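Trainee: Could you walk me through this one before I start on my own notes?
Mentor: Gladly; have a look first, and then ask whatever comes to mind.

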Amino acid sequence: MCLPASTTESSSSYDGKNYVEEHREKVTDADGMTHQTTRRRLGDRWYQAESTTDKDGKTTSRETWHNVPEDQTVQFKAEWTQQHDQKYPLTHDDKLENKQ
């Protein structure tokens, strides 16, 4: 049996017109299931990515979008990343981790 565990990490900023926000959460429950949620917000637009990995390693995922048309999801992610990275530049170790 696995002991429940969780981690939460958040960052946010306000540039005078838009909130740039990220919230990450990872929870491992008593059954060994790992639930990960990442929510990214830019002004009144946001998306949430959720994944669940069972103890055998099988992962299911889904994304929820708010005020972002389906044909603009890639553009939103790029815009969010650009604005977030201006406020919270990645360290060298973070950049290596993101490439993997």
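**Strands, a helix and their charged pairs**

Trainee: Let's begin with Thr 34, then; which strand is that in?
Mentor: Thr 34 belongs to strand 3, which covers residues 34-42, and please keep in mind throughout that we are looking at a predicted model.

Trainee: Is Thr 34 buried or exposed?
Mentor: Thr 34 counts as buried because its relative accessibility is 17%, and the cut-off for that class is under 20%.

Trainee: What is Thr 34 in contact with, leaving aside its neighbours within four places in sequence?
Mentor: Its contacts are Lys 26, Val 27 and Thr 28, together with Ser 51, Thr 52 and Thr 53. With Thr 28 there is also a polar contact between the two side chains, at 3.4 Å, while the C-alpha atoms of Thr 34 and Ser 51 are 8.1 Å apart in space and 17 residues apart in sequence.

Trainee: Stepping back, how many helices and strands are there in the protein?
Mentor: The protein has 2 helices and 5 strands, and along the sequence they follow the pattern β-β-β-β-β-α-α. Of its 100 residues, 22% are buried, and the accessible surface comes to about 7,400 Å², with 46% of that belonging to carbon and sulfur atoms.

Trainee: Which residues in helix 1 are buried?
Mentor: The buried ones in helix 1 are Thr 73, Phe 76, Trp 80, Gln 83 and His 84. Viewed down the helix axis they fall within an arc of 100 degrees, so these buried residues line one face of helix 1.

Trainee: And what covers the buried residues of helix 1?
Mentor: The cover includes strand 1 (5-14), strand 2, strand 3, strand 4 (45-53) and strand 5, whereas Val 74, Gln 75 and Gln 86 are exposed on the other side of the helix. As for its dimensions, helix 1 has 15 residues and reaches 21 Å from its first C-alpha to its last, close to the 21 Å expected at 1.5 Å a residue.

Trainee: New topic: where is Glu 22, and what does its side chain make polar contacts with?
Mentor: Glu 22 is in strand 2, residues 19-28, and its side chain makes a polar contact of 2.7 Å with the side chain of Arg 40 and another of 3.2 Å with that of Arg 24. Glu 22 itself is buried, with a relative accessible area of 7%. Not counting residues up to four places away in sequence, it touches several others, including Trp 80 and His 84.

Trainee: What about Arg 40: buried or exposed?
Mentor: Arg 40, which is found in strand 3, counts as buried at 18% relative accessibility. Beyond residues up to four places away in sequence, Arg 40 touches, among others, Trp 46, Tyr 47, Phe 76 and Trp 80.

Trainee: How many salt bridges does the structure hold?
Mentor: The structure holds 6 salt bridges, and one of them joins the side chains of Arg 41 and Glu 21, at 3.4 Å from N to O. Arg 41 lies in strand 3 and Glu 21 in strand 2, so this pair ties together parts that are 20 residues apart in sequence.

Trainee: Which salt bridge does Glu 79 form?
Mentor: Glu 79 forms one with Arg 45, where the closest N and O atoms are 3.1 Å apart. Here Glu 79 lies in helix 1 and Arg 45 in strand 4, so the pair ties together parts that are 34 residues apart in sequence. Glu 79 is partly exposed at a relative accessible area of 24%, and Arg 45 is partly exposed at 21%. Elsewhere, salt bridges that share partners join Glu 22, Arg 24 and Arg 40 into one network.

Trainee: One last thing: what is the phi of Asn 67 near?
Mentor: Phi of Asn 67 is near 60 degrees, a positive value in a residue other than glycine. Asn 67 sits in the loop between strand 5 (59-66) and helix 1 (73-87), and at 44% relative accessibility it counts as partly exposed.

Definitions and conventions: Residues are numbered from 1 along each chain as its sequence is written. This is a predicted model: local features need pLDDT of at least 70, side-chain atom pairs count only at pLDDT 80 or more; totals for chains, interfaces and linings use all residues. Side-chain values use heavy atoms; hydrogens and water are left out. Helices (H or I, at least four residues) and strands (E, at least two) are DSSP runs, numbered from the N terminus. Buried means under 20% relative accessible area, exposed over 50%, partly exposed in between (1.4 Å probe, protein chains only). Contact means heavy atoms within 4.5 Å. A polar contact is a pair of N or O atoms within 3.5 Å; within protein, one must be able to donate a hydrogen and the other to accept it, and residues adjacent in sequence count only if both atoms are side-chain atoms. Accessible areas come from the Shrake-Rupley method with a 1.4 Å probe; for residues, only the protein chains shown count as cover. The expected span of a helix is 1.5 Å times one less than its number of residues. The arc is that of the directions from the helix axis to the C-beta atoms. A salt bridge is a side-chain nitrogen of Lys or Arg within 4 Å of a carboxyl oxygen of Asp or Glu.
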